[in-house]
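Reader: Please take me through the terms used for this structure, and set each one against its cut-off.

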Amino acid sequence: MKKYTQTILTLLMIGLAVATGTLLVSVWLLPPPEHTAVIAMLNEDMEAGPYPTNVTQYSNISLNIEVYNYLGVVQYFYVRTKLANQTTMANATTPSSAPIILQSDRILAHGERWVIPIELNMTATGTNFRLTFELWHYNPSQDDIIWVRNQRGEGLWVHLPLNVTGP
Amino acid sequence: MVALSSPVIALTTVYSFRYEHVSFQPEAQAQQAIDDAQSAINSAYTDLMLADSTGASITDLLSSLNGAITELNQARSAFNTTDYPSAITLAESAQATADSVSTEASARRSATLVQQQAQLIIIIGVVIITVFITYFALTRIIRYQREKKREFLRMEIRLSDEEDGEDT
């Protein structure tokens, strides 16, 4: 009888170990979900181009900025609009040093999309402007608004090269 | 008429005095109300994020908090046009909404955690009971088979003895 009990217990333990092993291996082998956010620029017809890159002074620029939250959890996003030039433009590691001319904020659930209509009247004239839209979010652990970065550590932003000529 | 006009004059004097000496306050009050509302929204967002991470339903709370953000932005616009009373009213409304979202998000998070703990206890209980039932069922089956085998062997021995008796 003792021998049979030991056999049953051994079989149960083997079954449990096999089930746990299968579960762990499947978890390790499955690719982890990619947590990211997206910012995109669309023209006034909600299409990816053509964009108004050459405008006259005091004319309106109409654009739409699209934001997606795929960070896996609800996020408090800020879209900061800046009028940069070639020296103050953003790059992969540093946000634009130009002042914020417009800011929009909203909390998005995971998988939610946010479209921000942008209407700007260009008063300045010049060439090689960069109308920059940067995606920032509120970080509760730092109690601060920080630039959203992708998995490679690059900040998320889009820009429109812009030339503004006199009327 | 004289009796009525005196308190009116007195009140007007007090009001003018206060107005002269605290006229800078509405701007500071409005700024304070806006800062408080932003802090309340940040706090509510943190509670909302925690509730979301536990799997609680937050769709309606998210909508309310976005409403508070819109109100706060309207308060900022009013502040920029020096409409401080409107800025204060809007900021206070935004803060009240954010506070209620914060309270509700915390409550939903707690309720979800309790529910998840109860589910975990039930699952563990079911697994333990299943293991015990399987163990006892298997031991009973094996014992039954052994008894049957023993009985069969006994029967065989008895038959063999009877055959031997008949031969002798």
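Author: Leaving aside neighbours within four places in sequence, A:Glu134 is in contact with A:Arg80, A:Lys82, A:Ala90, A:Pro95, A:Ser96, A:Trp147 and A:Trp157. Contact here means that the C-beta atoms of two residues, placed from the backbone, lie within 7 Å. The model is a predicted one, in which local features need pLDDT of at least 70 and side-chain atom pairs count only at pLDDT 80 or more, while totals for chains, interfaces and linings use all residues. Residues are numbered from 1 along each chain as its sequence is written, and chains are lettered from A and ligands numbered from 1 in the order in which they are written.

Reader: Why is A:Glu134 called buried?

Author: A residue is buried if 20 or more other C-beta atoms lie within 10 Å of its own, exposed if 12 or fewer, and partly exposed in between, with C-beta atoms placed from the backbone. A:Glu134 has 23 other C-beta atoms within 10 Å, and is therefore buried. A:Glu134 belongs to strand 7 (residues 126–139) of chain A. Helices (H or I, at least four residues) and strands (E, at least two) are DSSP runs, numbered from the N terminus. From A:Glu134 to A:Asn163 there are 29 residues in sequence and 20 Å in space, C-alpha to C-alpha.

Reader: What makes A:Met46 and A:Asp143 count as exposed?

Author: A:Met46 has 10 C-beta neighbours inside 10 Å, so A:Met46 counts as exposed. A:Asp143 has 11 C-beta neighbours inside 10 Å, so A:Asp143 counts as exposed. A:Met46 is in the loop between strand 1 and strand 2 of chain A, and A:Asp143 is in the loop between strand 7 and strand 8 (144–147) of chain A. Neither is a glycine, and phi is positive in each: near 60° for A:Met46 and about 50° for A:Asp143.

Reader: What makes the peptide bond from A:Gly49 to A:Pro50 cis?

Author: Omega of that bond is near 0°. A:Pro50 is placed in the loop between strand 1 (36–43) and strand 2 (54–56) of chain A.

Reader: Where do the domain bounds of chain A come from?

Author: The bounds come from an automatic or database domain assignment. Domain 1 covers 1–30 and domain 2 covers 36–165. Their C-alpha centres lie 54 Å apart.

Reader: How many strands does chain B have?

Author: Chain B has zero strands and four helices, in the order α-α-α-α along the sequence. Of its 168 residues, 23% count as buried.

Reader: Why are helix 2 and helix 4 of chain B called roughly parallel?

Author: Angles under 35 degrees count as roughly parallel, over 145 as roughly antiparallel, 65 to 115 as roughly perpendicular and the rest as oblique. Helix 2 (residues 25–53) of chain B and helix 4 (residues 84–167) of chain B pack at about 20°, with axes 8 Å apart. Helix 2 and helix 4 of chain B are therefore roughly parallel to each other. The axes are lines fitted to C-alpha atoms, for helices over the stretch in contact, and the angles run from 0 to 180 degrees between N-to-C directions.

Reader: What is the hand of the crossing of helix 3 and helix 4 of chain B?

Author: That crossing is left-handed. The term applies if the near helix is turned anticlockwise from the far one by less than a right angle, and right-handed applies if clockwise. The axes of helix 3 (residues 59–80) of chain B and helix 4 of chain B come within 8 Å and cross at roughly 160°. Helix 3 of chain B is therefore roughly antiparallel to helix 4 of chain B. The residues of this contact divide into 15 nonpolar, six polar and two charged. Ala, Val, Leu, Ile, Met, Phe, Trp, Tyr, Cys and Pro count as nonpolar, Asp, Glu, Lys and Arg as charged, and the others, Gly among them, as polar.

Reader: How do you know that helix 2 and helix 3 of chain B are roughly antiparallel?

Author: Their axes come within 10 Å and cross at roughly 160°. Helix 2 and helix 3 of chain B are therefore roughly antiparallel to each other. By class, their contact has 15 nonpolar, one polar and one charged residues.
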